[in-house]
Amino acid sequence: MTTTVAAPVTAAPVTKAKVRRGWTQHGLLFVAPFLIVYAVFLIWPTLLGLQMSFSSVNIAGGNDRFVGFDNYAEAFSDPRMWRSLWNTLVFTVLSTIPLVFLGLVFALLVHNLRFMQWLWRLSFFGPFLLPSAVVSLLWLQMIYPPDFGLLNGTLGTDILWLGDPSVAMWSVVLTTVWWTVGFNFLLYLAALQSIPQHLYEAAAIDGATAWDKLRSITLPLLRRTTALIVVLQLVASLKVFDQIYLMTGGGPEDSTRPIIEYAYDVGFTGYRIGYASAVSYILFVLIVIVSLAQLRLFRKREEVTS
Amino acid sequence: MHGPPDISRRHLLGGSLALLGAAATGCALPVGLGSSQTRVQYWHFLGASDGLVMKEMVGAFARANPDVFVEENVLAWGEPYYTKIAMAGSGGRSPDLATFHLARLAGIGAGQILDPIDVALLEEAGLRGADFSPPIWERAHIDGVLYAIPFDAHPMVQYYNTDICGRAGLLGPDGKLRPTTGVDELIAMLNEAKQVMGGRPPLAFDALGLGTVGPWRVWWSLYPQSGGTLLSEDGTRIAIDDAKALEALRLMARLGQEGLCDWRTDYGSSVANFTNGQAAFLWNGDWEIAGLKERGTPFSMTRFPSVFGGHQAQADCHAFVLPHQRDRDPEVERATYRFIAHIVKNSADWAVAGHVPAYLPALERPEYLALQPQSEYRSVITDVALDPQVWFAGSASRLWIDFGEAFSPVISGERTPEEGLAAAKASLTRLLSAPNPFPDEER
């Protein structure tokens, strides 16, 4: 899971009709290269995947028969599919809450600390720069090993961090939070720095305490950023794959296998591309629903406040 | 003293281009390939100490055949390997040759992912079907078409530490482990070893871990000894004999509970424990010989113990296959068959890695008969328990991993044998009902 989606830039309002016409005339030409890549590498495979999900096609492209909703029916009666979907949801809930909350806490800390700010910024954001394989191997080989790992060594415990079905998911979450909290932290920090200083000065003149300022100025003005971060984080967490595949392979006893890994398993290891496509589409629908619901929720709240 | 070399922009550009060109050709041509050589790309997963033996054999072939360059590519064993073979074969631009597990043949889409073997070319290279162990040769065919050239069988065996067993008085006058029969003798032997080891678990096998297949291997060695089968003859229904299956599972649970085997060992630590003398016995495939010899562990080997009447041991076979290629170069193809013939005919050298040759003439070669401890277990070849011939079986298959996952908690005591069997049956039911991605009618 990598949260590398950049914050959207809100377009400046275009008022002049002339400018707008020019945009439609020449703009298309400018975005054409992007649109072609977009169509070839996103829209076309998406449609092809939908078609495959209704077929029994295998990895060699053979056995390509139309099977209607058979794949979906099989998926909905497949305990492994439900288990992996459940794991994905559990991971999403367990990881999104600390990732958003800690991102905010760290950003507030760094924003208010006046010495060595660069060091705090670097240490919170640093892990995010590491590739997933490095992060996974670091935790797998040095921090989580039960016999000589850093965690058991420091805590004096004897926990199978990645080997115990009741602990493994928490370990994956811990790794993920350490790894990716820096991105949310950075978004929050940028938002904090764009809050006009005069609001705080005015509040101070009115006798507001630090807590009042946080509650009545900082948090309300961070609302849009929070909405953005929550959407990005939910989507990123629902798409979790790398670190789980590398650290536990979905085990022990299927306790960490996310649905993307299940699609990979049935498709590339089990050779059933048709069925794997159906499983992927189930996740796709889930992500669309979550994103839409989330956006709507925040829009309503904004309308109420404005 | 020289001043800094005078480099003009043109020189620099020219030099960079020349370097780039050299780098490009360097990438395209593997090291060691001359213009007159035919290149055979060979994929395999032999990463244990048998990989060293294969490397030597490839080297010997290169010395005898300077016109052919066999480019060895060693990939990780298990599921990822079979994913790569399937991807390569489905694209039609695959390696010229690959090593395969014979029991996976039924599930890989022979005819789509794999190309049939050209029997005429095989005979031209000097190999005849009659020279192979008949049951293994038969397994290399699907619907009468030859898709694989088997070159060994690798059964489960029992490694034992001669030092510890000697101190425990388990060796006979000839210095070999006294064979055991039945549960009681096996447990008694393990207990005696445990005593001289100061209470440490004397037995190690791959019992735990990510995608562990050890529990399946042990169970599929024990259960067939009492005559148990997995599936009906046609491979469509479960035919597990619950009483016999549970008997084998109860023994596995007992080993864990009575501290006779360390249930916390995964594959790597089971081998490491035995290598370091921290385990008196190792139940594993026969492929760790070369590594153990190299590290100087005092050990010998014997057949997997007979516990439930029979003398079976789980086994699979290594085989050569030709992943599907859209345009196979006839010259490369001929060289490929020459290489296959070289390895198969020199199976006695391959047996150094521990495996029992599938090529019958090699079994009678004096240098094979003299190999120690290989000759201590080679009689197992008539008692191997191969996988059922279904699409979901074979090394690192769904069947092995599902059964491994079902039985691993039985050894650790987290599950009762009954629960373990129920879990195994549930996954077998799912596998039986799942459609074969490469149905027979497509071939």
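Hi everyone, let me start at the end of one helix: H16(B) is followed by Gly413(B), whose phi is positive, near 90°. Helices here are DSSP runs of H or I with at least four residues, strands are runs of E with at least two, and both are numbered from the N terminus. Before I go on, a word on what we have: this is a predicted model, where local features need pLDDT of at least 70 and side-chain atom pairs count only at pLDDT 80 or more, while totals for chains, interfaces and linings use all residues. Residues are numbered from 1 along each chain as its sequence is written, and chains are lettered from A and ligands numbered from 1 in the order in which they are written.

Back to that helix. H16 of chain B covers residues 398-412, and its 15 residues reach 22 Å from first C-alpha to last, close to the 21 Å expected at 1.5 Å a residue; the expected span is 1.5 Å times one less than the number of residues. At Glu405(B) the helix bends by about 25°, with Pro409(B) following within four residues. The bend is the angle between axes fitted to the seven residues ending at a position and the seven starting there. How many residues of H16(B) are buried? The count is 14 of the 15, so the helix is largely enclosed by the rest of the structure. Buried means 20 or more other C-beta atoms within 10 Å of a residue's own, exposed means 12 or fewer, partly exposed is in between, and the C-beta atoms are placed from the backbone.

Staying in chain B, let's look at its domains. Domain 1 takes in 35-153 + 317-369, and domain 2 takes in 156-315 + 382-442; these bounds come from an automatic or database domain assignment. Their C-alpha centres lie 28 Å apart. Across the boundary, 21 residues of domain 1 of chain B are in contact with 21 residues of domain 2 of chain B, contact being C-beta atoms, placed from the backbone, within 7 Å. On the domain 1 side, the elements giving two or more residues are helix H2 (49-64) and helix H3 (79-91) of chain B. H2(B) supplies the largest share of that side, four residues. By type, the domain 1 side divides into ten nonpolar, eight polar and three charged residues. In that scheme Ala, Val, Leu, Ile, Met, Phe, Trp, Tyr, Cys and Pro are nonpolar, Asp, Glu, Lys and Arg are charged, and the others, Gly among them, are polar.

One glycine is worth a stop. Gly78(B) lies in the loop between strand S2 (68-74) and H3 of chain B. Gly78(B) is partly exposed, with 18 other C-beta atoms within 10 Å. Which residues does Gly78(B) contact, leaving aside neighbours within four places in sequence? They are Gly211(B) and Ala396(B). Gly78(B) and Ser397(B) are 319 residues apart in sequence, yet 8.0 Å apart C-alpha to C-alpha.

Most residues other than glycine have a negative phi, and most peptide bonds are trans. In chain B, a cis peptide bond joins Gln372(B) and Pro373(B), with omega about 0°. Asp143(B), not a glycine, has a positive phi of about 50°, and sits in the loop between strand S5 (141-142) and strand S6 (145-146) of chain B. Asp143(B) is exposed, with 9 other C-beta atoms within 10 Å. Over in chain A, Asn63(A) has a positive phi of about 55°, but Asn63(A) counts as buried, with 24 C-beta neighbours inside 10 Å.

That brings us to chain A, with 13 helices and zero strands. Buried residues make up 32% of its 306 residues. Helix H7 of chain A, residues 168-193, bends by about 45° at Thr180(A), and 19 of its 26 residues are buried, so H7(A) is largely enclosed by the rest of the structure. Ser53(A), in the loop between helix H1 (17-52) and helix H2 (70-76) of chain A, touches residues including Asn71(A) and Tyr281(A).

Finally, the two chains together: 16 residues of chain A are in contact with 18 residues of chain B. The chain A side divides into four nonpolar, ten polar and two charged residues. Thanks, everyone!
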